[in-house]
Amino acid sequence: MHVAVPRETAPDERRVALVPDIVGRLVAAGTGVAVEAGAGTSSLFPDASYEEKGAEVLKSAAEAFERADIVCKVQPPTLSEARALREGGAVVSFLQPGSDLELVRLLRDRRISAFSLDLLPRISRAQAMDALSSQATVSGYRAVLIAAERLPRFFPLFMTAAGTVPPAKVLVLGAGVAGLQAIATARRLGAVVRAYDVRPAAREEVKSLGATFVELELEAQEGQGGYAAEQSEEFLRRQRELIGTEVAAADAVITTAAIPGRPAPVLVTADMVARMSAGSIVVDLAAESGGNCELSKPGEDVLVGEVVVHGVRNLPSSMPMHASFLYSRNIFEFLGLVDHEGTFSPDFDDEIIAGTCVTHEGEILHKPTRERIDGGSS
Ligand SMILES: NC(=O)c1ccc[n+]([C@@H]2O[C@H](COP(=O)([O-])OP(=O)(O)OC[C@H]3O[C@@H](n4cnc5c(N)ncnc54)[C@H](O)[C@@H]3O)[C@@H](O)[C@H]2O)c1
């Protein structure tokens, strides 16, 4: 089997799909690896480190694609990358098929087998390939560092000769993978942490990290596969009424609430932000999918008096070395599934393969995307 790794071309994307150590493991197992020159540079893996591990470093992505059975990427292929892929070849990345139907049509028409790691079924066998979780871990950690760096106050309790400083109060909304990592990181820095999630299962996890679970008089919203169910506007309205005081009392609010495939629920209103004390911050991890705070703009700070609403954009890319390290391991595990005795041959009876595959042999296998394309959505 041959794999190729191009340089990521999306603006501000610093990650790479395979790091040299994982390339070494693939090469040792008999897989040929071609890497575009400079692919690892922005995550601090120079070309020579790939060559040392047995990869072939080639001048252009097109050259690397020539022999590849499967191309490994972080971001979805661009249209020009999709045109450069070998007809009938394969690609694995975060594809988010609903966000670019023109790309999906092109992949279909070029008979590319396109696998999207954001569609990975959340079953235990798939855990080591779970790139959404690995990158959410980076985001949760990083969000707390942003808050700690921006707050005009300490996170921990300090008792000094010059006086006692109370710990920062952090509120985490959404206690999934990113939220739990945010709680753990804020606790390590000494903050007092309160957290809320609509899934009852989150209560014990929050408590086990030394945070307080905020009890709201709302019914549970447990959906399928460990995710939250989509909530009604009436539920969200009541949630906002109940959470307002918690938000106003916090020095830092970190929001991570999401519903798979749906816009993020609005949990924090402009009015709540206006009630926060001067110097406080909201870090919105859902800013790119609509925002948990109604004021968030991805990649921007919005100032409300002396309160900052920071909408994040591609946070994992801001820690490219370890984000790539984890992502790379996810890809390695996925490649193990499509490699049968050295030959690229995905088994479409496997629910992980079937679940992640968007296009294959000229067909769109991902039903929601197929229905949108057949229904004439652009
Ligand atoms: N392989 C596996 O088995 C596997 C892998 C990863 C995650 N999971 C499970 O899925 C859970 C969620 O995963 P995720 O972090 O990717 O989820 P996610 O990114 O889709 O959502 C983040 C969190 O937001 C919460 N949320 C949604 N609406 C909310 C609201 N109105 N108010 C407050 N919180 C709200 C969700 O319940 C979730 O915990 C995990 O905690 C875990 O239990 C399982």
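In these views, helices are DSSP runs of H or I of at least four residues and strands are runs of E of at least two, numbered from the N terminus. Every panel comes from a predicted model.

**View A. Helix 1 and the glycine that follows it.** Welcome to helix 1, residues 20-28, whose buried residues are Pro 20, Ile 22, Val 23 and Leu 26. Looking down the helix axis, these buried residues fall within an arc of 155 degrees, so they line one face of helix 1. Their packing partners are strand 1 (2-5), strand 2 (32-36), helix 2 (47-52) and helix 11 (320-338). Just after helix 1 comes Gly 30, with a positive phi of about 95 degrees.

**View B. Strand 6 between two partners.** Here strand 6 (residues 113-116) sends Ser 113 and Phe 115 one way and Ala 114 and Ser 116 the other, and all are buried. In a regular strand the side chains alternate between the two faces of the sheet. Strand 5 (residues 90-93) runs parallel to strand 6, joined to it by four bridges. Strand 18 (residues 357-360) pairs with strand 6 in the antiparallel sense, over two bridges.

**View C. The surroundings of Val 92.** Val 92 sits in strand 5. Is Val 92 buried or exposed? It has 25 C-beta neighbours inside 10 Å, and 20 or more make a residue buried, so Val 92 counts as buried. Beyond four places in sequence, Val 92 touches Ile 70, Cys 72, Phe 115, Leu 117, Ile 331 and Phe 334. Ser 116 lies 24 residues from Val 92 along the chain, yet their C-alpha atoms are separated by 5.9 Å.

**View D. Helix 6 against helix 7.** Helix 6 (residues 131-150) and helix 7 (residues 177-188) pack at about 40 degrees, their axes 7 Å apart. The crossing of helix 6 past helix 7 is right-handed. Among the residues that meet are Ala 136, Gly 140 and Ala 143 on the helix 6 side, and Ala 178, Gly 179 and Ala 182 on the helix 7 side.

View E. Strand 11 runs parallel to strand 10 (residues 192-196), joined by two bridges, and Phe 213 is the bridge partner of Ala 195.

**View F. Strand 12 and its neighbours.** Strand 12 is covered on both faces: Ala 252 and Ile 254 on one side, and Val 253 and Thr 255 on the other, are all buried. Four bridges join strand 12 to strand 9, and the two run parallel; Leu 171 has Val 253 as its bridge partner. The pairing of strand 12 with strand 13 is also parallel, over four bridges, with Thr 255 opposite Asp 284. From strand 12 the chain crosses through helix 10 (residues 270-275) to strand 13, a right-handed β-α-β crossover.

Notes: Residues are numbered from 1 along each chain as its sequence is written. This is a predicted model: local features need pLDDT of at least 70, side-chain atom pairs count only at pLDDT 80 or more; totals for chains, interfaces and linings use all residues. A residue is buried if 20 or more other C-beta atoms lie within 10 Å of its own, exposed if 12 or fewer, and partly exposed in between; C-beta atoms are placed from the backbone. Two strands pair if DSSP finds at least two bridges between them. The arc is that of the directions from the helix axis to the C-beta atoms. Two residues are in contact if their C-beta atoms, placed from the backbone, lie within 7 Å. Axes are lines fitted to C-alpha atoms, for helices over the stretch in contact, and angles run from 0 to 180 degrees between N-to-C directions. A crossing is left-handed if the near helix is turned anticlockwise from the far one by less than a right angle, and right-handed if clockwise. A crossover is right-handed if, with the strands pointing away from the viewer, the path from the first strand over the helix to the second runs clockwise.
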